[in-house]
Every structure is written in C-alpha cells, then in structure tokens.
Amino acid sequence: MGITKSEKFTQEQNDLAVMIKALGHPARIAIIEYLLKVNTCICGDIVGELPLAQPTVSQHLKELKNAGLIKGSIEGTTICYCIDEKGIEKVKSFFDGVQYSLDEKNNNCC
C-alpha cells in the first residue's frame with residue numbers, strides 16, 4: 001500500500017482514523033465489551049474471556065491503549081485496564097455528527 005499522506009489531514013482526522021482502525025478487529029471489540037461489563041480488569045482476566053493466547057491479548061490491549069480507547073494503570077506487577085471515556089467520546093461525537101448529517105438530508109442517494 002502507498003504512503004498515507006497523513007500530514008495532509010487534520011490532527012483530529014488522523015486521531016479518529018487511528019481509533020476507528022483500532023476498533024477494526026473483533027478481538028478488540030470483544031475487549032471493549034468486556035471492559036464495559038466489568039468496568040476494570042487485568043490482562044489475565046481478559047485472556048480468560050477470549051479464545052486467544054496471552055501475548056495476542058496483550059498486543060490487542062496495546063493497540064487499544066495507543067489509540068486512546070482504553071487506559072491502564074500499574075498495580076504491582078500487573079496492569080489494570082479500563083475504558084478511556086475521552087477516547088470513546090471522540091468516536092461517539094464523530095458518528096453522532098454523521099447521523100445528524102444523514103437525518104438532516106433525509107434523502108435516498110442511491
């Protein structure tokens with residue numbers, strides 16, 4: 001694939017693209033859903049819920065954290081993860097704007 005030319009887009013557009021890309025894997029969606037259900041947990045808890053090896057879960061957690069969708073705090077030798085509400089709000093605001101635009105147009109283009 002070619003160069004993305006991300007410098008041609010706004011920081012907000014680039015940040016949102018990273019977040020949405022991070023959500024583009026079913027394991028990451030499952031992690032978000034699990035964290036919403038339990039509020040906070042450690043990596044080992046998530047490994048017990050998913051049909052994936054611990055290193056794979058850790059990589060998915062890293063992607064979600066780097067995208068700003070979850071956050072982690074160190075507690076002893078473990079990291080406790082939870083939803084990053086600011087990141088989720090950015091994604092929600094974008095899709096709310098999309099929905100608002102669609103509602104305003106209220107037409108069938110195709």
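Phe94 counts as partly exposed because its relative accessibility is 38%, where partly exposed lies between buried, under 20% relative accessible area, and exposed, over 50% (1.4 Å probe, protein chains only).

| Residue | Relative accessibility | Class |
|---|---|---|
| Phe94 | 38% | partly exposed |
| Phe95 | 44% | partly exposed |

This is a predicted model, in which local features need pLDDT of at least 70 and side-chain atom pairs count only at pLDDT 80 or more, while totals for chains, interfaces and linings use all residues. Residues are numbered from 1 along each chain as its sequence is written, and side-chain values use heavy atoms, with hydrogens and water left out.

Rings of Phe, Tyr and Trp (its six-membered ring) pair if their centres lie within 6.5 Å, and planes under 30 degrees apart are stacked, over 60 edge-to-face and the rest tilted. The count by this rule is 1 aromatic pair. The ring centres of Phe94 and Phe95 are 5.1 Å apart and their planes stand at 75°, so the pair is edge-to-face.

Helices (H or I, at least four residues) and strands (E, at least two) are DSSP runs, numbered from the N terminus. In helix H2, the buried residues are Ala27, Arg28, Ile31, Ile32, Tyr34 and Leu35. They cover an arc of only 165° around the axis, which puts them on the same side of H2, the arc being that of the directions from the helix axis to the C-beta atoms. On the other side of H2, Pro26, Glu33, Leu36 and Lys37 are exposed.

His60, in helix H4, is buried, with a relative accessible area of 8%. Neighbours within four places in sequence aside, His60 is in contact (heavy atoms within 4.5 Å) with His25, Ala27, Arg28, Ile31 and Leu52.
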